[in-house]
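Below is a colleague's note on the model you sent for comment. Please read the points with the structure open.

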Amino acid sequence: MNAKLQLKNLTKSYGKTTVCNGIDLEIEQGQMVCLIGASGAGKSSLLRCINLLEDIEEGEILLDGVDISTPGFDPQKVRSRIGMVFQSFNLFPHMTALDNAMLAPRRVLGKTRAQIRPEIEELFHKFGLADRMHQFPNQLSGGQQQRVAIVRALAMRPEVMLFDEITSALDPQLVGEVLDVLLMLKNQGMTMVLATHEMAFAREAADVVCFLKDGQIVEQGPPSQIFEAPKQNATQSFLARALK
Amino acid sequence: MRSTRYKKTNRRQAYEAKRRRRSNIIAAISTAIAAAFLYILVPLTPGWSKVKLSFFNWDVLVKTFPKLLDAFLLNVMIFAWSAPLIAILGLLIALARNTQSPALFPLRIFGATFTDVFRGVPVILTVYLIGFGIPGLGLPRPWNSPYIWGTLALVLTYSAYVAEIFRSGIESVHKSQRAAALSLGLSERQAMRDVILPQAIRNVVPSQMNMLIALQKDVSLLSFIGPVEIFRQAGVFKSLMANFTPYVGAALIFLVVTIPSTRYADYLMARQMRARE
């Protein structure tokens with residue numbers, strides 16, 4: 001079976017700084033892949049490249065076997081199939097939570113409010129946000145905002161979800177409620193790629209963990225291998241510091 | 001903080017209340033002294049009696065004020081139909097300057113030239129050139145009216161400024177908002193319309209209020225090419241009565257309108273500062 005998402009020799013640089021340096025990765029349908037590594041290792045850049053928010057210089061990004069990184073490929077088509085959630089939530093502050101989630105289905109899929117509202121309200125219910133739907137982002141806690149951002153991405157019924165350090169801007173006591181949402185998604189069979197600093201979560205929930213350093217995947221494997229028996233020195237020293 | 005006001009005051013609050021009272025008393029005394037000095041000193045100047053007669057003549061004011069108000073209606077009308085035009089044209093110019101596609105390069109150039117030219121020329125000069133120049137083409141009525149072309153001059157000049165303010169508003173919206181919109185599958189145009197512009201416009205409301213206040217006053221510049229608005233009407237009275245009081249009356253009428261709008265703009269600005277904290 002072909003991989004859902006496949007990266008081949010993905011290379012991206014800003015000027016002289018190479019942020020992704022020949023990354024190869026295969027992600028099966030329904031897998032959760034966690035990218036770990038120090039800040040600046042290239043985790044966020046990799047996610048932004050997959051969502052075509054950045055153009056890559058070399059390599060291929062295959063979604064269901066189709067190269068979506070071909071120059072000229074319509075990025076809108078890709079982005080409505082690949083959802084992305086950001087570290088800083090990036091909710092639209094001038095809209096209620098519900099309108100945030102309904103905007104893309106209305107504009108991109110051309111649906112009416114009435115058509116999509118039941119489905120999206122159900123998402124709010126499912127993620128414990130039923131009483132927050134009509135509030136504006138600045139009336140919500142960080143954890144609630146981040147869950148709304150996830151609902152907003154899910155409203156497009158994406159096939160793959162990318163999460164860019166989505167708990168890094170949260171107070172420690174709010175991290176749990178967001179990670180719970182990720183587990184729910186995993187149980188539903190969503191294909192997910194996470195850049196994260198939550199080592200305990202990666203160890204418990206990931207199917208594959210990739211350790212990145214200087215824009216390269218130094219080591220990848222199941223969490224048991226990466227966390228308990230890392231082969232590379234770089235992985236060992238990173239984990240020694242991260243797990244302290 | 002506010003709710004504690006109704007509770008029994010504690011030591012800190014008593015101390016602060018005492019300090020407030022003290023500073024209020026000091027402010028009142030110093031204001032009284034300053035006013036007394038002005039009241040005593042100004043009339044001592046050699047020309048005061050003449051100035052009083054020619055600028056602060058109550059009889060002249062009473063006689064001319066109703067006509068000045070009538071003339072001010074014309075200011076209000078010109079203001080009322082140029083303000084929306086300025087808002088629309090300003091926004092279009094801002095968007096034109098913000099386009100990305102190579103096919104729209106002429107539009108970008110046009111936007112940049114437009115703002116450069118109309119911000120670079122004094123308003124009164126634009127009013128003269130357009131207000132006299134275009135009717136000079138010998139157009140039939142009503143297209144030779146200085147009202148129309150004078151207003152157009154104002155609209156063009158103010159659109160240039162307003163466009164720049166809109167542009168700064170667009171740039172003030174964080175890039176991550178665009179990224180979030182695009183990541184959901186929205187096109188650049190949809191991201192601009194649904195996500196960036198609504199925030200940008202809200203961010204610049206106080207600045208645009210200031211432009212409105214300036215416009216209220218600059219409508220008077222049209223008096224130089226014909227329309228008998230309040231400034232010109234005051235000038236007519238000045239010549240008739242050989243007295244400057246009508247100008248003071250006109251100034252008072254302007255202040256009645258501009259001071260509340262200025263205060264309102266300040267209020268909006270302060271509210272926005274608080275919201276950003």
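This is a predicted model: local features need pLDDT of at least 70, side-chain atom pairs count only at pLDDT 80 or more; totals for chains, interfaces and linings use all residues.

The points below go from overall form to individual residues.

1. Overall form of chain A. Chain A contains 9 helices and 10 strands. The C-alpha trace of chain A extends over about 55 × 45 × 35 Å along its principal axes.

2. Burial and contacts in chain A. Of the 244 residues in chain A, 55% are buried. Where contacts in chain A link residues at least 6 apart in sequence, 65% of them are between residues at least 24 apart.

3. Charge in chain A. How many positive and negative side chains does chain A have? There are 25 positive and 28 negative ones, and the centres of the two sets are 4 Å apart.

4. Salt bridges: the pair A:K4 and A:E159. Over all chains the count of salt bridges is 23. One of them joins the side chains of A:K4 and A:E159, at 2.9 Å from N to O. A:K4 sits in the segment before β1 (5-14) of chain A, and A:E159 in the loop between α5 (142-154) and β7 (160-164) of chain A, so this pair ties together parts 155 residues apart in sequence. The relative accessible area of A:K4 is 7%, under the 20% limit, so A:K4 is buried. A:E159, at 26% relative accessibility, is partly exposed. The pair also belongs to a network of salt bridges that links A:K4, A:D64, A:R81 and A:E159.

5. Salt bridges: the pair A:E54 and A:R48. A salt bridge also connects the side chains of A:E54 and A:R48, with 3.1 Å from N to O. Here A:E54 is buried, its relative accessible area being 15%, whereas A:R48 is partly exposed at 24%.

6. Salt bridges: the pair B:R97 and B:E164. In chain B, the side chains of B:R97 and B:E164 form a salt bridge of 2.9 Å, N to O. B:R97 belongs to helix α3 (residues 58-98) of chain B and B:E164 to helix α6 (residues 146-172) of chain B, so the bridge ties together parts 67 residues apart in sequence. B:R97 is partly exposed, with 21% relative accessibility. Is B:E164 buried or exposed? B:E164 has a relative accessible area of 17%, which is under 20%, so this residue counts as buried. Apart from neighbours within four places in sequence, B:E164 is in contact with B:R97, B:T115 and B:R119.

7. Helix α1 of chain A. Helix α1 (residues 43-50) of chain A is mostly covered, with 6 of its 8 residues buried. The buried residues in α1(A) are A:K43, A:S45, A:L46, A:L47, A:C49 and A:I50. After α1(A) comes A:L52, which has a positive phi near 60 degrees.

8. Backbone points to check. Most residues other than glycine have a negative phi, and most peptide bonds are trans. Against that background, three further places deserve a look. A:R157, which is not a glycine, has a positive phi of about 50 degrees. A:R157 is in the loop between α5 and β7 of chain A, and its relative accessible area of 59% makes it exposed. A:D214, also not a glycine, has a positive phi of about 50 degrees. The loop between β9 (208-213) and β10 (216-221) of chain A holds A:D214, which is exposed with a relative accessible area of 54%. Which two residues are joined by a cis peptide bond? They are B:R141 and B:P142, with omega about 0 degrees. B:P142 lies in the loop between α5 (123-133) and α6 of chain B.

Definitions and conventions: Residues are numbered from 1 along each chain as its sequence is written. Chains are lettered from A and ligands numbered from 1 in the order in which they are written. Side-chain values use heavy atoms; hydrogens and water are left out. Helices (H or I, at least four residues) and strands (E, at least two) are DSSP runs, numbered from the N terminus. Buried means under 20% relative accessible area, exposed over 50%, partly exposed in between (1.4 Å probe, protein chains only). Contact means heavy atoms within 4.5 Å. Lys and Arg count as positive and Asp and Glu as negative; His and the chain ends are not counted. The place of a charge is taken as NZ of Lys, CZ of Arg, CG of Asp or CD of Glu. A salt bridge is a side-chain nitrogen of Lys or Arg within 4 Å of a carboxyl oxygen of Asp or Glu.
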